[in-house]
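Dear colleague,

I am handing over the structure we talked about, and I would be glad if you looked through it before reading my notes. What I found follows below it.

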Amino acid sequence: MKMMRTALASLLMALPAIGIAAAEEDVVSIEKWLVISMRTTSPSDGFTLSPVAARYLFDAQAPMPEPGSREEGMADAWDSAGLDEKGMVKHASLQNGYALAEYESGEETMAMAEGKGHYTLYLNGECFEGDIYGHGYGTQPVVLRKGRNRILVRAVRGGFSLAFRPVKPGAYLLGTDSTLPDLRRGVDIDAHGAVLLANASSMPLKSAVIRAQGPAFETTETRVGWVPPVSLRKVPIKVVSRASKAPPEGETAPLKLELVCDGSGPAIEVPVRVRSGLQSYVETFVSAIDGSVQYYGVKPPAIPIAGKGALFLSLHGAGVRAEGQAEAYSPKSEGWVVAATNRRPFGFDW
């Protein structure tokens with residue numbers, strides 16, 4: 001399958017900005033795909049590996065299918081699909097199905113796979129988490145081998161976008177999917193946050209420091225633990241701000257993040273909300289389950305409360321973030337409304 005360049009401008013506009021430079025003509029997008037529905041000729045118990053995945057993941061020598069050909073055990077035939085004007089691969093089979101392609105690379109290349117709308121990405125048999133709801137979580141360091149690369153995408157919502165952005169081997173902070181506390185007027189903040197770190201190299205990242213600073217923040221340095229090669233990790237950072245430095249409510253405070261190590265990528269800047277008075281706000285904490293940084297939304301009480309006061313616990317539905325859930329409530333005179341979250345807007349996937 002050949003590399004497609006003409007639709008890249010619209011495709012890249014839909015992909016998350018991650019602070020990694022690459023010339024537009026270097027970005028790899030696949031123009032032609034083969035797609036097939038997951039419908040099988042026999043009932044599935046939900047744990048059975050589909051014939052498509054079994055053949056094209058585990059048999060590197062299996063020839064590419066032809067449009068109209070069939071797979072044993074599958075109800076539908078393979079069909080052709082391409083990119084639309086927005087750089088999306090769309091087809092009725094992708095309501096619950098697979099898209100298969102090959103890309104021929106002239107050399108081994110480190111790249112960032114950037115996608116939206118896919119459930120799972122398989123590259124040369126390796127499995128990578130997708131971004132099924134298109135929230136911008138689909139960036140992942142990968143290796144494009146010299147020669148043939150087989151790409152299999154599982155999609156369940158009708159379509160997806162996918163491109164590979166060549167990068168210089170190294171470690172990069174990504175500006176997407178950060179977990180950060182809100183700043184609050186009149187309140188000192190000494191909390192944890194978390195940002196995505198991509199180790200786009202063949203060596204583990206053993207010693208690095210993330211420096212966080214900005215006009216509204218104290219400068220902090222947080223040591224990063226061991227990060228495996230060609231992997232993506234959400235790593236903690238320390239966020240400290242003094243009440244006197246917080247900008248006016250309704251604005252955002254820029255937080256500059258810099259990874260200090262050999263071969264690190266450029267610094268990035270992420271916005272932090274500023275809240276005050278009776279506005280809802282986000283607090284962060286370190287999970288006792290796995291040590292990750294998580295968050296919850298808070299609506300403060302309508303009047304000052306002596307003692308502990310009441311706690312109103314609110315659980316969000318699918319697609320609702322905790323800060324939005326907290327904002328939906330009016331202040332209560334008896335106590336605090338706290339909106340828990342389950343790590344992703346669609347928490348049932350956890």
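Is Glu 102 buried or exposed? Glu 102 is buried, with a relative accessible area of 13%, where buried means under 20% relative accessible area, exposed means over 50%, and partly exposed lies in between, for a 1.4 Å probe and protein chains only.

Before going further, please keep in mind that this is a predicted model, in which local features need pLDDT of at least 70 and side-chain atom pairs count only at pLDDT 80 or more, while totals for chains, interfaces and linings use all residues. Residues are numbered from 1 along each chain as its sequence is written, and side-chain values use heavy atoms, with hydrogens and water left out.

Salt bridges

Side chains of opposite charge can pair when their charged atoms come close. The structure holds 14 salt bridges, each being a side-chain nitrogen of Lys or Arg within 4 Å of a carboxyl oxygen of Asp or Glu. One of them joins Arg 148 to Glu 102, with the closest N and O atoms 3.3 Å apart. Since Arg 148 belongs to strand S10 (residues 147-155) and Glu 102 to strand S5 (residues 97-105), the pair ties together parts that are 46 residues apart in sequence; strands here are DSSP runs (E, at least two residues), numbered from the N terminus. Arg 148 is partly exposed, at a relative accessible area of 35%, and Glu 102, Arg 148 and Arg 150 are linked in a network of salt bridges.

Around strand S19

A second salt bridge is formed by Asp 182 and Arg 273, whose closest N and O atoms are 2.7 Å apart. This pair links distant parts of the chain, as Asp 182 sits in the loop between strand S12 (170-179) and S13, and Arg 273 in strand S19, 91 residues apart. Asp 182 is buried, with a relative accessible area of 5%, whereas Arg 273 is partly exposed at 30%.

Strand S13 (residues 183-184) also pairs with strand S19 (residues 268-275), in the parallel sense and over 2 bridges, a pairing that requires DSSP to find at least two bridges between the strands. In that pairing, Leu 183 stands opposite Val 274. Strand S18 (residues 252-260) runs antiparallel to S19, and 6 bridges join them, with Thr 252 standing opposite Arg 273.

Finally, the side chains of Glu 283 and Arg 184 meet in a salt bridge at 3.6 Å, N to O.

Technical notes
Helices (H or I, at least four residues) and strands (E, at least two) are DSSP runs, numbered from the N terminus.
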